[in-house]
Amino acid sequence: MFLSKEEENILDGQKGWILERAMRLLTTIGDLNDAERLVPIKRSQVAGVSYRTVGDPTLHLVEELAREKVRVRTEATQNPAGMDLKRWREMRVPEGFAEKQLRICRAYERLGVEASCTCTPYLSGNRPELGEVVGFSESSAVAFVNSVVGARTNRHGGLDALSAALIGKVPLMGYLLDENRTGNVHVKVCFKPKNETDYSALGYYVGKEVETSEVPAYDGIKGASLDDLKLLGAASAASGSVALFHVLGLTPEAKDIGGVFGGDKPKYKLEVTSEEVQSVYDELSTTEEPDLVAMGCPHSSIQELRKIAKLISGRTVKRGIKFWVFTSPKVFEEAEKSGYVSIIRSAGGDVFLNTCMVVEPIEEIGFRCVYTNSAKAAFYIPRITKDKCKSSIAPLRTCIEMCTTS
Ligand code: F3S
């Protein structure tokens, strides 16, 4: 890989051991993937924040880096933590967990990575532009900014996203290159999604079917909202590793069927009917009586909070069930001003920030059965809790009707 004089000096350790190791990681990844050179970035999303998922090794590493007083060179945001950073006691998060979680977030902050702790940074200011190269490491955010925004990022791990943020560059490879961005699987959608969970189930099914690095191009979706695409992308990134998808007539690089496949024939066609979608509902539904109904995977947008407030207004959450919504601090602020938060709380629900039903220590908090409208969350909850907590999917409206009385 070609390196400029300045980059070589960093690799030689002339700017300290941290930047040397960061540069070594980026150039190793670049060399392994035949990258020509490094290219500059202005934005990063850094995963590896929840103490639940990263544990003591990351805590010690990030604290060690923070002691060296290096700073990131990009606008960088943290992925969700394992708790609401302020209201963790109200979530009943254990004290020992909370202490370590706060240390991780503070250490990242000292490196210059903002503790917004959201997986939807693109809804909260850290939103790239069409064609902009960024270094994002949350799989759902990668899928959204690549596909819906039309920005360019590879699916970074937490450590290489942090390295890229410290150096301010990423290797020029993968989804940054035009030739890897065209669709190559023609997904014919042969049913009409009725709600956001149908979109999520569709993404989940396609993610399972396609190979890593294949780019599905959906044909037959009309009128999906940005929130529908957010759920679809998150699910296909979870069940498979889809980092980029196109939706004909909706996403920026999918104006027409010829262009979306770059003038070539797709490798194969995948037809999805309501039967396949129903199979996802069946696979991901393993519980009937929820003790937690949780929305916001990925973190809720202001439009989703408005919809939740509208549906829950005048209803009351049943005893023995919690209704929790997860969002980012910026969207929360807006929802509070608009009165949506107080409507949800008056009904007996709650809105938490910085975390979600997957990366919080859900079983230690005491939950055993979760209902959610997100296929990604329903997929991960039993896995991450080693089956101590079961999950099911249903659309938002059904979830609210199930856990409230009028
Ligand atoms: Fe975000 Fe948590 Fe879902 S990090 S995409 S809300 S699993």
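Which residues surround the ligand? This set of close-ups starts there, and every view comes from a predicted model.

**View 1. The shell around the ligand.** Ten names make the list here: P80, C119, E138, S140, G296, C297, P298, C356, V358 and K376 surround the ligand. Sorted by class, the shell comes out as 6 nonpolar, 2 polar and 2 charged residues. Strand β11 gives the most to this shell, with 3 residues.

**View 2. A cis peptide bond at C297–P298.** The peptide bond running from C297 to P298 is cis, and its omega sits near -5 degrees. P298 belongs to strand β11, which covers residues 292-300.

**View 3. C117 and its positive phi.** C117 isn't a glycine, yet its phi is positive, at about 50 degrees. Look for C117 in the loop between β4 (113-114) and β5 (135-136). Is C117 buried or exposed? With a relative accessible area of 0%, C117 is buried.

**View 4. N354, another residue with positive phi.** Here phi is near 70 degrees, again a positive value in a residue other than glycine. N354 sits in the loop between β14 (350-353) and α14 (362-365). Its relative accessibility is 5%, so N354 counts as buried, the cut-off being under 20%.

**View 5. Helices α2 and α6 crossing.** Two packed helices are described by the angle between their axes and the distance between the axes. For α2 (residues 17-32) and α6 (residues 158-167), the axes come within 9 Å and cross at roughly 115 degrees. The crossing of α2 and α6 is left-handed. On the α2 side, the contact is made by I18, L19, A22, M23, L25, L26 and I29. Facing them from α6 are L159, D160, S163, A164, L166 and I167. By class, that contact has 11 nonpolar residues, plus 1 polar and 1 charged.

**View 6. Helix α7, mostly covered.** How many of the 14 residues in α7 are buried? The count is 12, so the helix is mostly covered given that buried means under 20% relative accessible area. The buried ones are E196, T197, D198, Y199, S200, A201, L202, G203, Y204, Y205, V206 and G207. As for its span, α7 (residues 196-209) reaches 20 Å from its first C-alpha to its last, close to the 20 Å expected at 1.5 Å a residue.

Notes:
Residues numbered from 1 in each chain as written. Predicted model: local features only at pLDDT ≥ 70, side-chain atom pairs only at ≥ 80, totals over all residues. Heavy atoms only, no water. Helix = DSSP H or I, 4+ residues; strand = E, 2+ residues; numbered from the N terminus. Buried < 20%, exposed > 50% of the residue type's maximum accessible area, 1.4 Å probe, protein only. Axes fitted to C-alpha atoms, helices over the stretch in contact; angles between N-to-C directions. Left-handed = near helix turned anticlockwise from the far one by under 90°. Contact = heavy atoms within 4.5 Å. Nonpolar A, V, L, I, M, F, W, Y, C, P; charged D, E, K, R; others polar. Near = heavy atom within 4 Å. Expected span 1.5 Å × (residues − 1).
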